[in-house]
Structure formats: structure tokens, C-alpha cells
Amino acid sequence: MSAPATTGYQTLTEETVVKIIEPLRFFTGEGELRVKEIGDGNLNLVFHLTEPASGKSLIVKQALPYAKVVGESWPLSLDRARIESEALKKAAEFVPDLVPKVLYSNAELAVTVMEDLSDHTILRKGLIAGNQYPKLAEHVGTFLAQTLFHTSDFYLHPFAKKALVQSFINPDLCKITEDLVFTDPFFDHETNDFPDELRPDAEALWGDQELKREVAQLKLAFLTRAEVLVHGDLHSGSIFVTGESTKMIDPEFAYYGPAGFDHGHFFANLALSALSHNYHTKEPGARSDYQEWLFSVIRDTWHHFAEQFSELWKNKGTETYTKVPGTLNDFLQQTWTDAIGFAGCEIIRRTIGLAHVADLDSIEDQGVQIELKRRALRLGSSLIKRRNQLPDVESFIAALKGGI
Ligand code: SR1
Ligand code: MG
């Protein structure tokens, strides 16, 4: 297969990207303009433009018509650039401080021009270094409560909600998740990627029919439950942080899906970080302190989310059934249980699937790395199967502590 034909689209270079931003008149034109392609993700080009004389800088992100991580044999729709900038603008209606500001977008060129967040660190890198971010839980909980509630049927007129569902139809990127998160890691598929030592563990998963039956339910929820506009890929590489600020970036996987999906990804990546600190932080006291902090982020994120979502439900709910006692609790409980299941799938796919996490892959001691990945597979499987027996955040944290 080759990349799809595109009209008016050209892949930008460090030379041509300058033309794109000229009409914005963002830079003063004094002195040199430095341009560097800095994209290290799986899918896109990212250009960093700085003008030392004025101290101004910005980011130009361009989608490629194929998955960069694999090559032109994996074509991908350029519409994800429109989806990403629309999702950022939608989130900015409710939480402008928690997303990068979009300065300009061009759907034909699949380009989004954004504020430069170079003063922030990618959360995954910060977690590997053992840093703590005191505002992280509050900010992620707020982001989830505000974006999920305001894009739901609980708040929007049904026509407005359906118009949003339509504009966030995202088949190519959803297919990546359907395959890489929910299907391939649970079968002997060519996209899987793991060392030989883990083959018996992977084969145990592939032969576990009870597990597969549960994953089938989670995949069906992902395929069919158009509840809210989710970020769609909220792992710790999609969050920029400082001590005071948190920005959710990269919502190119945004679509209408089940409300627990983003929580699940975020919690899974914190759990993988906690697991990896068995290695990254060798001194036992410091290790358990750091792992406790990671668990407190899970706990506080959920509480911030549930509190704010409940307030919004009570004060701004327009759907008739939001007034019926018990309906809020039912929705939160379903979201919670789904989140644990989605977390289990994310933990497994980041361990034996196509796209791994540096938290585990950067462990130099191969024996330790294999052992921790083995634990990750057991943990993910147990979370998926036991999600209905983990009714609250404390039982979930207890399960994580037992599993890492
Ligand atoms: C081919 S894309 C692999 C992964 O990278 C993205 O960040 C998503 O997590 C996707 O599943
Ligand atoms: Mg991404």
C-alpha cells in the first residue's frame, strides 16, 4: 500500500515551514529565525521556530500521510491534524490554561501552529527522573471533568452533541487503537514486539479465554459508546508539566468514546512508572515514597474529577435524567470500572505491543527489565479480569501495590 494522494499538501522542511507562518506576522523579522525539526513521536513532524532577537518562539506541527514510526506502508488520514486543532480549541473553551494555545491551523496542509511549551517537560521524562508535580492530579482531574462533561449529552443539546460526534469521527486513528491496544497484544500478531524471554508470558495471555472475553467487552465499549469527546491518547508522553503548570497535548486520537478511556490511559502510565521505579530508584525508602506519590496522583486525580464532574452535573446538567437520584453515581461507577479495564489493556500493550514506554525500555539490566515486564503483564491481565471487584480508588491502588 502507498500513501494516499493529497491535494495542496506538501511535506514541510526546515526551509519551507517559514513560509507557512509568515502571514501570521508572529515574529518581528529582526535577526535570524532558527528552525529545527524536533518531532520524536510516532506520527508527525514538529518544527520549533525561535527568534533570539525578540525571544519569541512557536511550534508548527504537521501530520504526515503515513505513520512515521512504520513508514509509507502504513497510510494515515491527514484529517487527524484538523481533529487535533479542533480538540485543542474545544478544550480551551473550558480549560484554556490546560492546553497549548492554537495560533493557526491549515487542514489542507495538515498543520497546527501552537504556543511553544519548551519551558515544560514531557511528564514521562519527569517521572523517569523521579520528579514530583504537585498540581498534576488537580489539573488532570479538572481537564477530564470539564472536557468530558461539557461534550456529553448530560450538558449539550442532542443536536449539538451529534454534530460534535460527526466532526470528531476519526476512523484511522481509532483503528490504530482498536488494533494496537485492544486486539494485537492479545493474539500472536506480527505487530507485537517483545523479547524471547517473554514469549511464555505472552502465550499465556493469548491462551487465556477469560481474559479475551473481557477485552472483547472493553473493545466493544471503545467501538460503540459515543459518550464524550475523549483525548484518546492521554499517556504520560501527551502531558507537558512544570511545577505549576500542566498542558494536555497531542489530541489527534480524539473521538467520541467511553468516559473512562482517558482515565485508564493516564492511570496505566502512572502504574507503569511505579513499576519501573523498582529499578530507577534503588534506595528502598525513596522508592516507596515515590511510588506512594504516584498512587496519590491516581487517587487525587479521580477525586478531583469526580467532585468537579458531580458539581457540573448538579449545576449545569440539562438532560432530564440528570435530576433522577442515583444516575450520577451509576455513571461515575461505570466510568470507574471501565477506566480500570482500559488501564489493564494499556499496560499490556505498552509491554508487548508495537509502541512501548521508555519507563520500562530504558532499564539497562535486561534481567530486571524482563521481570518487571512480566509483572506488568500479570497486573494488566488481573486488572481487566477483576475490574468489577475493584469498586473504588483505594481497592485499585491496593491492587497496583500488590502487582508491582
Ligand atoms: C503507530 S502509533 C503508535 C502509538 O503512538 C501513539 O502515541 C498512540 O499511543 C499509538 O497507539
Ligand atoms: Mg501522540
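**Reading sites, rings and helix faces**

Me: Where is the place of D233?
Reply: One begins with the secondary structure, where helices (H or I, at least four residues) and strands (E, at least two) are DSSP runs numbered from the N terminus. D233 lies in the loop that joins β9 (228–230) to β10 (239–241). Bear in mind that this is a predicted model, in which local features need pLDDT of at least 70 and side-chain atom pairs count only at pLDDT 80 or more, whereas totals for chains, interfaces and linings use all residues. Residues are numbered from 1 along each chain as its sequence is written, chains are lettered from A and ligands numbered from 1 in the order written, and side-chain values use heavy atoms, leaving out hydrogens and water.

Me: Which residues does the UniProt annotation "binding site" cover?
Reply: According to the unreviewed UniProt entry, the "binding site" annotation covers D233 and R349. They span 117 residues in sequence, yet no two of their C-alpha atoms are more than 12.9 Å apart, so they gather at one spot. Such annotations may be inferred rather than shown by experiment, and the positions are given in the numbering used here, with feature names shortened.

Me: Where is the place of R349, and with which residues is R349 in contact?
Reply: R349 belongs to helix α11 (residues 327–352) and is buried, with a relative accessible area of 6%. Apart from its neighbours within four places in sequence, R349 is in contact with L180, V181, P185, H265, L354 and A355.

Me: How many aromatic pairs does the structure hold?
Reply: Rings of Phe, Tyr and Trp (its six-membered ring) pair if their centres lie within 6.5 Å, with planes under 30 degrees apart counting as stacked, over 60 as edge-to-face and the rest as tilted. The structure holds 24 such pairs. In one of them, the rings of F149 and F309 have centres 5.6 Å apart and planes at 85°, so this pair is edge-to-face. It links distant parts of the chain, since F149 lies in helix α4 (residues 136–150) and F309 in helix α10 (residues 284–316), 160 residues apart.

Me: What kind of aromatic pair do F305 and F309 form?
Reply: That pair is tilted, at 5.3 Å centre to centre and 35° between the planes. F305 and F309 both lie in helix α10, 4 residues apart, about one turn of the helix. F305 counts as buried at 1% relative accessibility, and F309 is buried with a relative accessible area of 1%. Ring pairs link F149, F305 and F309 into a cluster that also includes W302, F331 and F396.

Me: Which residues in helix α14 are buried, and what covers them?
Reply: In helix α14 (residues 393–403), the buried residues are V393, S395, F396, I397, A399, L400 and G403. Their cover includes α9 (261–280), α10, α11 and α13 (366–386). In helix α6 (residues 171–180), L173, C174, I176, T177, E178 and L180 are buried, and their cover includes, among other elements, α8 (209–224), α9 and α11.

Key:
Buried means under 20% relative accessible area, exposed over 50%, partly exposed in between (1.4 Å probe, protein chains only). Contact means heavy atoms within 4.5 Å.
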